[in-house]
Amino acid sequence: MTFGEQPAYLRVAGDLRKKIVNGSLPPHTRLPSQARIREEYGVSDTVALEARKVLMAEGLVEGRSGSGTYVRERPVPRRISRSGFRPPSGATPFRQEQADGETRGTWESNSEQAEASVAVAERLGIRSGDRVMCTRYVFRDAGEAMMLSTSWEPLAVTGRTPVMLPEEGPLGGMGVVERMAAIDVVVDNVTEEVGARPGLAEELLALGGVPGHVVLVIQRTYYASGRPVETADVVIPADRYRVSYHLPVK
């Protein structure tokens, strides 16, 4: 087989990837063995092994103990819709993170006081080590974990107020905009920065992913007159979801 100038293991991986994408190697089919790859492509054992590693890192195949390597089922990406400020009344945490009104979901949360890390302190405009309320969420759609979120609020803003705990009290679960308004803090801007990275082991465990899978990370910050009053990292499995933004035209 004639190849171009790419490294041999990438060329082999690319040809196998093409077969997976076009259905020649459908889901649950066993990937050709290392010996078969070596023979078919005229490459060394090392090249064959590295090609299989590439496909595994891309999440296209998975190893099954004592059985071999198989083509993974490829999920059809679903949409997570996001917009500007969430509805100011009665908005659940799920609705605050997923603006599509047709989607129904559940969530679990846990809040605890913590010291702001250097990165969180920079985002909130406070000093490293200042006290913050850290809340971790797992959002589910039809029982499947679809999204994680970790938020931080400076206790210099919310401490000793009825909204100090985001999910408890009279406004528990009502969202940043409404909760802050209750203590006379008017949220007037929100920014979101989207990036991607390999998922951390604990994130992939919670989201049902496999090592090496990529996640989308939305870094969100709410502001009141230029002062950050909440910042959060929203983590979404990139192989199962696409993020869609709906922004008003002024």
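Leu16 touches Leu25, Pro32, Ile37, Tyr41 and Leu55, leaving aside residues up to four places away in sequence; a touch, or contact, means heavy atoms within 4.5 Å. The model is predicted, with local features needing pLDDT of at least 70 and side-chain atom pairs counting only at pLDDT 80 or more, while totals for chains, interfaces and linings use all residues. Residues are numbered from 1 along each chain as its sequence is written, and side-chain values use heavy atoms, without hydrogens and water.

Leu16 also belongs to the largest nonpolar core, which has 17 residues; Val12, Leu16, Ile20 and Leu55 touch the most other members. Such a core is a set of buried Ala, Val, Leu, Ile, Met, Phe, Trp, Tyr and Cys residues joined through side-chain atoms within 4.5 Å. Here, buried means under 20% relative accessible area, exposed means over 50%, and partly exposed lies in between (1.4 Å probe, protein chains only). Two or more core residues come from each of α1 (8-21), α2 (34-41) and α3 (45-57), and α3 gives the most, with five residues. Apart from this core lies another, of eleven residues, including Ile80, Phe139, Leu216 and Val234.

Helix α1 deserves a look of its own. Helices (H or I, at least four residues) and strands (E, at least two) are DSSP runs, numbered from the N terminus. The expected span of a helix is 1.5 Å times one less than its number of residues. For the 14 residues of α1 this gives 20 Å, and the end C-alpha atoms of α1 are 20 Å apart, which agrees. Which residues of α1 are buried? They are Arg11, Val12, Ala13, Gly14, Asp15, Leu16 and Ile20. These buried residues pack against α2, α3, β1 (61-64) and β2 (68-71). After α1 comes Gly23, whose phi is positive, near 90°.

Across the whole protein chain there are eight helices and ten strands. Of its 250 residues, 40% are buried. Among contacts with a separation of 6 or more, 56% are between residues 24 or more positions apart.

Side chains of opposite charge can pair when their charged atoms come close. A salt bridge is a side-chain nitrogen of Lys or Arg within 4 Å of a carboxyl oxygen of Asp or Glu, and by this rule the count comes to 18. One of them joins Glu108 and Arg140 (2.7 Å, N to O). Glu108 lies in strand β4 (residues 106-115) and Arg140 in strand β5 (residues 131-141), so this pair ties together parts 32 residues apart in sequence. Glu108 is partly exposed at 40% relative accessibility, and Arg140 is partly exposed at 23%.

Another salt bridge joins Glu153 and Arg179 (2.8 Å, N to O). Because Glu153 lies in strand β6 (residues 144-154) and Arg179 in helix α7 (residues 176-182), the pair ties together parts 26 residues apart in sequence. Glu153 is buried, at 2% relative accessibility, and Arg179 is buried with a relative accessible area of 2%.

On the surface, Val194, Tyr245 and Leu247 form a nonpolar patch with about 280 Å² of accessible area together. Patches of this kind take residues with over 30% relative accessible area and no salt bridge, with nonpolar side chains (Val, Leu, Ile, Met, Phe, Trp, Tyr) joined within 5 Å; like charges are joined within 9 Å. Accessible areas come from the Shrake-Rupley method with a 1.4 Å probe; for residues, only the protein chains shown count as cover. Tyr245 is found in strand β10 (residues 241-246) and is partly exposed, at 32% relative accessibility.
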